[in-house]
Every structure is written in structure tokens, then in C-alpha cells.
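Please read these notes alongside the coordinates.

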Amino acid sequence: MKDSSRDPSPENNEFASKRTRKIADIRQALSVSPVDVSALRRMAISEGGLLTDEIRCQVWPWLLNVLPHVLEQEPETVERDDNKDYNQVLLDVQRSLRRFPPGMPDEQREGLQEELIDIILRVLKRNPQLHYYQGYHDIVVTFLLVVKERYATALVEKLSTHHLRDFMDPTMDNTKHILNYLMPIIERVNPEVHDFMQQAEVGTVFALSWLITWFGHVLSDFRHVVRLYDFFLACHPLMPIYFAAVTVLHREEEVLDCECDMAMVHHLLSQIPQDLPYETLISRAGDLFVQFPPSELAREAAAHESTAASTFKDFDLASTQQRPDSVLRRRRRQKQAEGSGADNAVARPSVARRFVRLAVMGLTVALGAAALAVVNTALEWAPRLDLFP
């Protein structure tokens, strides 16, 4: 097989040059004081993401605002006896063989599985308000494989009390509510697909495992998983539902060619393709978030208060310039300025129709849920540092 890394073609040289420049830009952003988190977010969102696990080990903590002194804390020993979550965690971890690299020696994998159990139980013990859910281990194992146990404990704890907070309630009410954003996004982009899915009464359960595992459970290639994690960590907590929407929209022809039957459509959508154009979908998801922010969709999705979205304003991003929505807006404007806006344009409802929707929302003032994180241009993305000692 031809080794593309040795291919002297102009295309390969250009790729290598871009990669080298990006690595240099990331190192520059990490070297300044204070660290340029806004630049790191741009790098995580832009094509290729953070490129290597070595870079992710350095950047992911900054995207989650986990400070160095926290990362260096030695994880405490976790007692497993009489732990209410241990048996379920053990069962899930034992079933997680496919999440480990193929060919990994059994002894090494078994050691990592023990560390995986410890990380989960440690985070739950430190935060008794959090409740374990099946699929949580799929997220934790991703962090373990990339940043190892000590860093993974600190990063997963911050993630669990912010981005994943809704999934860790005693009930699934908030999780179901987040899923309720899926159909309004699809309707705004492609009413035909939306109406077909409504007629089939397929619902949104097919996307549940995508959402609660950040696609870790359904994608077989670890490179694609960590690429999405780069993107999600750099963005708003609801970005995974936007990515779910563009994944469905990408399969428009398959969906519309399917028999309009709940079981048939559910089966089709549940079998997520492994060869998705990830960079294109990431770009579209970012554009949709800017075009149709959660505040605009909240009236239709409103059911329960979304803890992750409403408390994300307390998540420390250090300055307004580091707000993920600001990064996405700047990125979209830059793309349009480069003339690529037409190529990446997303179908939108008529101006009159959108005006009516906005008027109705304005009159009802029923923003609810994730609107709190985006209303007034995401006014409260950043908290004071002392809120998270």
C-alpha cells in the first residue's frame, strides 16, 4: 500500500504544510500568558481538530478550564465495597471491549478497565448529585485513552458537572428535552425530511446513544470519535444535538427513499454510517448553531429546564472573546468573506415564515431550556474564576 506521508505530490505537501502551521499556532496559543483559549477553541473547531493525542492532553484541560494544579492532584483510592453504582459500572465496563484499540494486550486492556471503573466511581463519589447512566463509560473511556487516569479524572468531573449534567439527573426528563431540539433544527433546514419523519412517527430515540455518549458508542474509528470530542469541547453543550441533526440531514435521500414506517425509519437512522464526511458535517453543525441558536428553538423544545445549558453561563472561559458561539460566528463570517458561504449555505425558511416564528417567540417569551446560554449573545458564558476553585 502506498504511504501517503511519503507522497511528494503538491496536495500532500500542502496538507503537511497546513498541519505544521496549525501545530505551531497551537503551541503559540499555549505558550503565551494568559493562554489564548479563544485561539485553542478555533483550532479545535477548524478542520482536523487538534491533530494528535499529545496536543489534546495539553488543550482539552484549557477548553474545560481545568487548571494545572487540579490536574496534578493525585486521584484518591476508591472503595468499591457497598458502592451502589459498582455492579452496573462493572457490567458496562466489561462490555466495553470494542472501545479499546484492536490488538491491545489483554493485560494492558484489563488494567485500563480497572482505571475506568475507578474514574467513574471517583467522580460519582465526589459529586453525589450526579447519577450514573449507561453510556457514561463510553465518554469516560475516551478521556482515559487520550489523557490517562489522572487527567481523565479531573476533566471528566468538570465535564460531568457541566456539559453532561442533564444526562446525570435521577430521571431522563432533561435528556428527553435536549432530544426535543432535534426536530426543530431539521424542520428549519429541510421541511420535507421533517414532515416525513413526523408522518412515520419515528421520534428521536434513535439519536439517544449518539447524544449521551457524544457518538463514542456508535463510531468504530477512534480518530473520528476524538475529532468530534475536539469540536464538542470547544462549543456549547447542545452542539452534539446539532451534529445529530446534520447527520440525519446528510442522509436525506436514504430517509425519503425509506418506507414511511416507524420501525423501518428508526432502523435506518439507528445504523449510523461510519464513512460520514465528518469535517463537512462539523462545519454545517457550527453554521446551524449560529443560524438557529437554541434560543430560537426553545419554544418548540421547551419542556423542562436544561441544567447544563442554563448553568453553562457559570462555566469559566476567562473572557467574552472565548465564548464558543463567538468563535463559531467569527468562523462563519470568515468563510463567507472567502466566498465559501454559497457552497456551505443551508436551506432556510422564507423570511416571512421566520419573521412569524420570531414574533411568536418574542410575544410568548417562552425561551426556557438552552435559551439561557445563548440569549443576549450568550451574555453569561464566562463566570468568575472563584466560582470553580
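The numbered points below go from the whole chain to single residues.

1. Basis. This is a predicted model, in which local features need pLDDT of at least 70, side-chain atom pairs count only at pLDDT 80 or more, and totals for chains, interfaces and linings use all residues. Residues are numbered from 1 along each chain as its sequence is written, and side-chain values use heavy atoms, with hydrogens and water left out.

2. Whole chain. The protein chain has 21 helices and 0 strands; helices (H or I, at least four residues) and strands (E, at least two) are DSSP runs, numbered from the N terminus. Of its 389 residues, 52% count as buried, where buried means under 20% relative accessible area, exposed over 50%, and partly exposed in between (1.4 Å probe, protein chains only). Among contacts with a separation of 6 or more, 80% come from residues 24 or more positions apart; contact means heavy atoms within 4.5 Å.

3. Helix α12. The 12 residues of α12 should span 16 Å at 1.5 Å a residue, and the end C-alpha atoms are 16 Å apart, which agrees. The expected span is 1.5 Å times one less than the number of residues. In α12, 9 of the 12 residues are buried, including the charged-type side chains Arg 227 and Asp 230. The cover over these buried residues includes α2, α3, α7, α13 and α16.

4. The α12/α13 pair. Which angle do helix α12 and helix α13 make where they pack? The angle is about 130°, and the axes are 9 Å apart. Axes here are lines fitted to C-alpha atoms, for helices over the stretch in contact, and angles run from 0 to 180 degrees between N-to-C directions. The two helices are therefore oblique to each other: angles under 35 degrees count as roughly parallel, over 145 as roughly antiparallel, 65 to 115 as roughly perpendicular and the rest as oblique. On the α12 side the contact uses Leu 228, Phe 231 and Phe 232, and on the α13 side Met 239, Pro 240 and Phe 243. By class this gives 6 nonpolar, no polar and no charged residues; Ala, Val, Leu, Ile, Met, Phe, Trp, Tyr, Cys and Pro count as nonpolar, Asp, Glu, Lys and Arg as charged, and the others, Gly among them, as polar.

5. Asp 118 sits in helix α6 and is buried, at 18% relative accessible area. Leaving out residues up to four places away in sequence, Asp 118 touches Val 78, Arg 80 and Glu 149. Arg 165, in the loop between α7 and α8, is buried at 15%.

6. Ala 301. This residue of helix α17 is buried, with a relative accessible area of 0%. The C-alpha atoms of Ala 301 and Lys 176 are separated by 9.7 Å, although the two are 125 residues apart along the chain.

7. Backbone points to check. The peptide bond from Ser 33 to Pro 34 is cis, with omega near 0°, and Pro 34 lies in the loop between α1 and α2. Lys 148, in helix α7, has a positive phi of about 70° and counts as exposed at 52%. Phe 215 has phi near 70°, but is buried at 0%.
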